[in-house]
Amino acid sequence: MSKLNKRSGANKEINYNEVPAAIRRRPYYVVLPGLIILIGILIPFVTAIALSFTNYSFKLPTTKFVFLKNWINMFSSKDFYHALGVTLRYAIYCTGVQMILGTIVAFLLKNDNPFNRVLKVLFTFPLMVAPAIAVLVWQLMTSNSVGVLEKLLNLLGVYNFPWASSNKTAMFTVVLIDTWVNMPFVILLVQAGIQSLPKSPFEAAQVDGASAWFTLKTLTFPLLKPFMYIALLFRLMASLQEFGIIFALTKGGPGNTLMNISLTSYITGFTYQTLGKALPYLLVLWFIVNISAKFIVKRQRKLTMQAAGRE
């Protein structure tokens, strides 16, 4: 045994000073990119927190410390609670509709045939379209004079549908456009989950004579939950922070119907040039997104551990 140890060098002690400098620096090279990203995130974040306690403005020559004045004004403003309500409602509507429709479409396209392959390609096109371009396309389709959707509604006896010009239908319109743009993301993730499902449990259920609904409820959906939680995480975070589609469509109108937190912060900071007052809105939004993401990640991790048999 001792000969084997000597031959393999198992008992040989390594002198750190004898290791080449290039090898000793390798662990630092591995950590360096993550450290740079962390610093790049922390610097603007800490700066935003600090400036939220000041009267920082593009119009003022000097910046003064105002302590909690910006925060108190925000929490005592009706505009903040309106923007918060719009943000949460928009996120719930968009995420719910996209998750439901995206999952249904993914199941309808799970069979591999030429027709489904063509549909899969067509469904990915909206992901390649910028939000501003998507809004322009939908504005043309909903035009009262030349819009395709307006002509279809005319066939059903509906004329001059207000779309984004009315506070009663503006939310519906913007959710419709967001769903058209981002639902393919949910479809792709759910399809990836369906294709990765193990075949043996479904073969066993088929041998036992299980119905399609029983198999879907007890096997398919539980196994797909980790993938669906990932789709839910990304879509909820993006919907809470939505800016491009709303700004390009109505700039928060009509009136303040679609003024969410992102748009309110933008207008406060860049239109009125009072960045110190705008930053508390963004920090509150960061807190909401962070809490929502942590909750979903915790649920997804729990499901993963259960699937691995650790709980």
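Let me begin with a crossing: helix H7 passes helix H9 in a right-handed sense, meaning that the near helix is turned clockwise from the far one by less than a right angle. Helices here are DSSP runs of H or I with at least four residues, numbered from the N terminus. H7 covers residues 131-141, and it packs against H9 at an angle of about 125 degrees with the axes 10 Å apart. That makes H7 oblique to H9; angles under 35 degrees count as roughly parallel, over 145 as roughly antiparallel, 65 to 115 as roughly perpendicular, and the rest as oblique. The axes are lines fitted to C-alpha atoms over the stretch in contact, and angles run from 0 to 180 degrees between N-to-C directions.

A word on provenance: this is a predicted model, in which local features need pLDDT of at least 70 and side-chain atom pairs count only at pLDDT 80 or more, while totals for chains, interfaces and linings use all residues. Residues are numbered from 1 along each chain as its sequence is written, and side-chain values use heavy atoms, with hydrogens and water left out.

H9, residues 170-195, also packs with H5, residues 78-108, at about 45 degrees, the axes being 7 Å apart. H5 and H9 are therefore oblique to each other. By class, their contact has 18 nonpolar, six polar and two charged residues; Ala, Val, Leu, Ile, Met, Phe, Trp, Tyr, Cys and Pro count as nonpolar, Asp, Glu, Lys and Arg as charged, and the others, Gly among them, as polar.

What does Arg235 form with Asp178? Arg235 and Asp178 form a salt bridge, with the closest N and O atoms 3.2 Å apart; the criterion is a side-chain nitrogen of Lys or Arg within 4 Å of a carboxyl oxygen of Asp or Glu. Arg235 lies in H11 and Asp178 in H9, so the pair ties together parts 57 residues apart in sequence.

H11 itself bends by about 50 degrees at Lys225, and Pro226 follows within four residues. The bend is the angle between axes fitted to the seven residues ending there and the seven starting there.

Finally, the backbone. Most residues other than glycine have a negative phi, and most peptide bonds are trans. The bond from Gly253 to Pro254, however, is cis, with omega near 0 degrees. Lys251, in the loop between H12 and H13, has a positive phi of about 55 degrees.

Methods: Helices (H or I, at least four residues) and strands (E, at least two) are DSSP runs, numbered from the N terminus.
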